[in-house]
Amino acid sequence: MAIDREATIAQIVLDHSECAAVLCDHRLDFCCRGTRTLTVACAEGGVDIEAVCADLERAVAQRSEHREPDPRAMTTPDLVGFIVSHHHAYLHEALRFLGPLAANTAPPPFI
């Protein structure tokens with residue numbers, strides 16, 4: 001999949017959330033300055049656009065094997081269910097284990 005160099009970097013992240021980490025690695029702000037195209041953002045940041053595109057395309061290809069549904073296309077109840085089952089379920093399991101550990105751990109003494 002080829003990345004559209006004339007798409008805004010915010011749109012790239014909206015379409016492919018895995019691209020957020022890549023843009024951060026290249027120090028390209030997709031949040032506050034997300035209205036810039038990828039071409040403009042790379043030029044302003046002094047970043048090699050070929051390297052960025054290769055990294056973005058690699059991230060998209062790796063993630064496409066495990067693609068989750070697009071939350072923008074989900075109904076509110078489906079989105080809530082997805083968030084709870086995919087993003088909260090592991091917390092319930094981890095906190096059951098971590099809670100007792102944290103309760104039994106005394107802070108280190110001050111020297």
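The model is predicted. The views below go from the overall layout to single contacts.

**View 1. The protein is built from five helices and zero strands.** Read from the N terminus on, the elements run α-α-α-α-α. α1 covers residues 9-15. α2 spans 19-25 and α3 spans 38-45. α4 takes in residues 49-64. α5 runs over 76-104.

**View 2. The largest pocket holds about 220 Å³ of space.** How is such a space found? Rolling a probe the size of a water molecule over the atoms shows where empty space is left. The lining of the largest pocket has 15 residues. Closest to the centre are Ser17, Arg63, Pro69, Asp70 and Pro71. Two elements, α1 and α5, each give two or more residues to the lining. What kinds of residue make up the lining of the largest pocket? Six are nonpolar, three are polar and six are charged.

**View 3. A nonpolar patch lies on the surface.** Its members are Tyr90, Leu91, Leu95, Phe97 and Leu98. Together they have about 540 Å² of accessible area.

**View 4. Arg27 has a positive phi value.** The angle is near 60 degrees, and Arg27 is a residue other than glycine. Where does Arg27 lie? Look in the loop between α2 and α3. Is Arg27 buried or exposed? Its relative accessibility is 76%, so Arg27 counts as exposed. The cut-off for exposed is over 50%.

**View 5. Glu50 and Arg5 form a salt bridge.** The structure holds five salt bridges, and this view shows one of them. The closest N and O atoms of Glu50 and Arg5 are 3.0 Å apart. Which parts of the chain does the pair tie together? Glu50 lies in helix α4, whereas Arg5 lies in the segment before α1. The pair therefore joins parts that are 45 residues apart in sequence. Both partners are partly exposed. Glu50 has a relative accessible area of 47%. For Arg5 the value is 29%.

**View 6. Glu44 meets Arg33 in a salt bridge.** The N to O distance between these side chains is 3.0 Å. Glu44 belongs to helix α3 and Arg33 to the loop between α2 and α3, so the contact ties together parts 11 residues apart in sequence. Glu44 is partly exposed, at 48% relative accessible area. Arg33 also counts as partly exposed, with 43% relative accessibility.

**View 7. Arg36 forms a salt bridge with Glu44.** Here the closest N and O atoms are 2.9 Å apart. Is Arg36 buried or exposed? Arg36 has a relative accessible area of 12%, so it is buried. The cut-off for buried is under 20%. Glu44, by contrast, is partly exposed.

Note on methods:
Residues numbered from 1 in each chain as written. Predicted model: local features only at pLDDT ≥ 70, side-chain atom pairs only at ≥ 80, totals over all residues. Heavy atoms only, no water. 1 Å grid on protein atoms, 1.4 Å probe; cavity = no way out; pocket = protein on both sides within 12 Å on 5 of 7 lines; lining within 4 Å. Points joined across faces, edges and corners; volume = space filled by probe spheres on them. Helix = DSSP H or I, 4+ residues; strand = E, 2+ residues; numbered from the N terminus. Nonpolar A, V, L, I, M, F, W, Y, C, P; charged D, E, K, R; others polar. Patch = residues over 30% accessible without salt bridge, like charges linked within 9 Å, V, L, I, M, F, W, Y side chains within 5 Å. Areas by Shrake-Rupley, 256 points an atom, 1.4 Å probe, with all protein chains shown as cover. Salt bridge = Lys/Arg side-chain N within 4 Å of Asp/Glu carboxyl O. Buried < 20%, exposed > 50% of the residue type's maximum accessible area, 1.4 Å probe, protein only.
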